[in-house]
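Welcome, and please open your viewer before reading on.

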Amino acid sequence: MKCPKCSQAMEPLNVNDIIVQRCTQCYGIWFHGISHKELKKIHGSEAIDIGYEENSRVLDRLKGVACPECGKTMQRVADTFKPHLHYEACPSHDGFFFDAGEFRDFKKESVLDFFKDLSWYFRKRGDGA
Ligand SMILES: [Zn+2]
Ligand SMILES: [Zn+2]
């Protein structure tokens, strides 16, 4: 399989019996046949996502990225709780592509983050009043 972003070879990794593909050059990660909910449950994101976010900034801005499985243009999805975080999704077969660093970021999302965001929001409102 070729990386949908930089066209280099991807290598399979076994993560808790889930096979993911990781690019040997940009370290982007492709998840296939897995739901968004299941993605949240995968442990060891640090071990899978070893690339540097700095290197993926340019790749993150690419538009019209083709799915490495079916070739259809993937959708660019913004994370609900982290609007700065974008990843590609192919709805045809539950495929997700994360640039290096994005999966770690994605996994950091927690209930705690949600409340932190809320308190920030209320603080800001208070200041403005
Ligand atoms: Zn790549
Ligand atoms: Zn696809």
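The stops below go from the whole chain to its sheet, its turns and its core.

**Before you start**

This is a predicted model, in which local features need pLDDT of at least 70 and side-chain atom pairs count only at pLDDT 80 or more, while totals for chains, interfaces and linings use all residues. Residues are numbered from 1 along each chain as its sequence is written, and chains are lettered from A and ligands numbered from 1 in the order in which they are written.

**Stop 1: the whole chain**

Starting at the N terminus, the order of elements is β-β-β-α-α-α-β-β-β-α-α.

**Stop 2: the sheet**

Now select the strands. The six strands make an open, antiparallel sheet in the order β1-β2-β3-β6-β5-β4. At its edges are β1 and β4 (75-78), each with a single partner strand, so one side of each has no neighbour in the sheet. From one strand to the next, the twist averages 30 degrees; such angles run from 0 to 180 degrees between N-to-C directions, with axes fitted as lines to C-alpha atoms.

**Stop 3**

Two strands count as paired if DSSP finds at least two bridges between them. Show proline 12 and you will see glutamine 21 of β2 opposite. The β1-β2 hairpin has two residues between its strands, and asparagine 16 in the turn has a positive phi of about 45 degrees.

Five residues separate the strands of the β2-β3 hairpin, where tyrosine 27 has a positive phi near 60 degrees.

**Stop 4**

Most residues other than glycine have a negative phi. Serine 7 has a positive phi near 65 degrees, and sits in the segment before β1. Is serine 7 buried or exposed? Serine 7 counts as exposed because 11 C-beta neighbours lie inside 10 Å. (With C-beta atoms placed from the backbone, a residue is buried if 20 or more others lie within 10 Å of its own, exposed if 12 or fewer, and partly exposed in between.)

Next, select aspartate 94, in the loop between β5 (86-90) and β6 (95-98). The phi of aspartate 94 is positive, about 50 degrees, and this residue is partly exposed, with 15 other C-beta atoms within 10 Å.

**Stop 5: the core**

Finally, show Cys26, Ile29, Trp30, Phe97 and Phe98, which touch the most other members of the 22-residue largest nonpolar core. Such a core is a set of buried Ala, Val, Leu, Ile, Met, Phe, Trp, Tyr and Cys residues joined through C-beta atoms within 7 Å. At least two residues of this core come from each of β2, β3, β5, β6 and α4 (102-108).

Technical notes. Helix = DSSP H or I, 4+ residues; strand = E, 2+ residues; numbered from the N terminus.
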